[in-house]
Amino acid sequence: MEIYVWKGDITSIQADAVVNAANSSLMGGGGVDGAIHRVGGPKIAEECRILKLKKYPNGLPTGQCTLTSGGQLPAKYVIHAVGPVWKGGEFWEASLLESCYKNILQLAHERGFESIAVPSISTGIFAYPKEQATPIAIKTVLDHKEHFPRKIVFVCFDKESKDLYEETLKNLGVSFKEGILSF
Ligand code: AR6
């Protein structure tokens, strides 16, 4: 298994699947969600609309994820995951964020995906503090090696996030690669 840390826009990554930081409505939004729908085109939104109608009439619950095609993205598929909104830390935010990563890995494993790219879920519009979200993301992934894809990229949008991911991985003694040249 290979772990990558990469700074940039998740919509440019050519992987089996990229993860969207979505919301329960699956109807799009800002941040990663906005970028994925903008670059991926209307096919993704249409698939989301049908999923919402047929499978999640009450919305996709927080901590869970679902799959659409990648539309016009370089990635083949999009895993739409709903992270928790930060409400101060006493509303099960940590376990919901953990469920998110666990369910993403499980879905990727079921579908046989070899490479996935994951943003720092909940740390933008949902305001989860990055210093707390980063170790959860990394440890949850490491704890589920049985579902580990061959390659996983932690995608960071800014230097602060990238530094945090690298520092956390180093502290845990986990080796990783920078960039995705060979991805
Ligand atoms: N590529 C990679 N990372 C990004 C990108 C990008 N193009 N854009 C932002 N980030 P966010 P959330 C980083 O807000 O907090 C939407 O409206 C960003 O810096 O995308 O889970 C949805 O519809 C941050 O570190 O997701 C939901 O309503 C991280 O990605 C809500 O926002 C996540 O930021 C979800 O909020």
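These legends describe close-up views of a predicted model.

**View 1. The crossing of helices H3 and H4 in the predicted model.** Helix H3, which covers residues 93-110, and helix H4, which covers residues 130-143, have axes that come within 9 Å and cross at roughly 40°. The two helices are therefore oblique to each other, and H3 passes H4 in a right-handed crossing.

**View 2. The residues that make the contact between H3 and H4.** On the side of H3, the contact is made by Ala 94, Leu 97, Glu 98, Tyr 101, Lys 102 and Leu 105, while H4 brings Ala 133, Ile 136, Ala 137, Thr 140 and Val 141. Sorted by class, the residues in this contact are eight nonpolar, one polar and two charged.

**View 3. The largest pocket and the residues nearest its centre.** The space in the largest pocket amounts to about 550 Å³. Its lining is made up of 27 residues, and of these Ala 21, Gly 31, Val 32, Gly 124 and Ile 125 lie nearest the centre of the pocket. By class, the lining residues divide into 12 nonpolar, 11 polar and four charged.

**View 4. Helix and strands in the lining of the largest pocket.** Strand S2 (17-22), helix H1 (31-40) and strand S6 (151-156) each supply at least two residues of the lining of the largest pocket. The largest share of this lining comes from helix H1, which supplies four residues.

Notes: Residues are numbered from 1 along each chain as its sequence is written. This is a predicted model: local features need pLDDT of at least 70, side-chain atom pairs count only at pLDDT 80 or more; totals for chains, interfaces and linings use all residues. Side-chain values use heavy atoms; hydrogens and water are left out. Axes are lines fitted to C-alpha atoms, for helices over the stretch in contact, and angles run from 0 to 180 degrees between N-to-C directions. Angles under 35 degrees count as roughly parallel, over 145 as roughly antiparallel, 65 to 115 as roughly perpendicular and the rest as oblique. A crossing is left-handed if the near helix is turned anticlockwise from the far one by less than a right angle, and right-handed if clockwise. Contact means heavy atoms within 4.5 Å. Ala, Val, Leu, Ile, Met, Phe, Trp, Tyr, Cys and Pro count as nonpolar, Asp, Glu, Lys and Arg as charged, and the others, Gly among them, as polar. On a 1 Å grid over the protein atoms alone, a cavity is a set of points where a 1.4 Å probe fits but cannot get out, and a pocket is an open set with protein on both sides within 12 Å along at least five of seven lines; lining residues have an atom within 4 Å of a point. Grid points are joined across faces, edges and corners, and a volume is the space filled by probe spheres set on the points.
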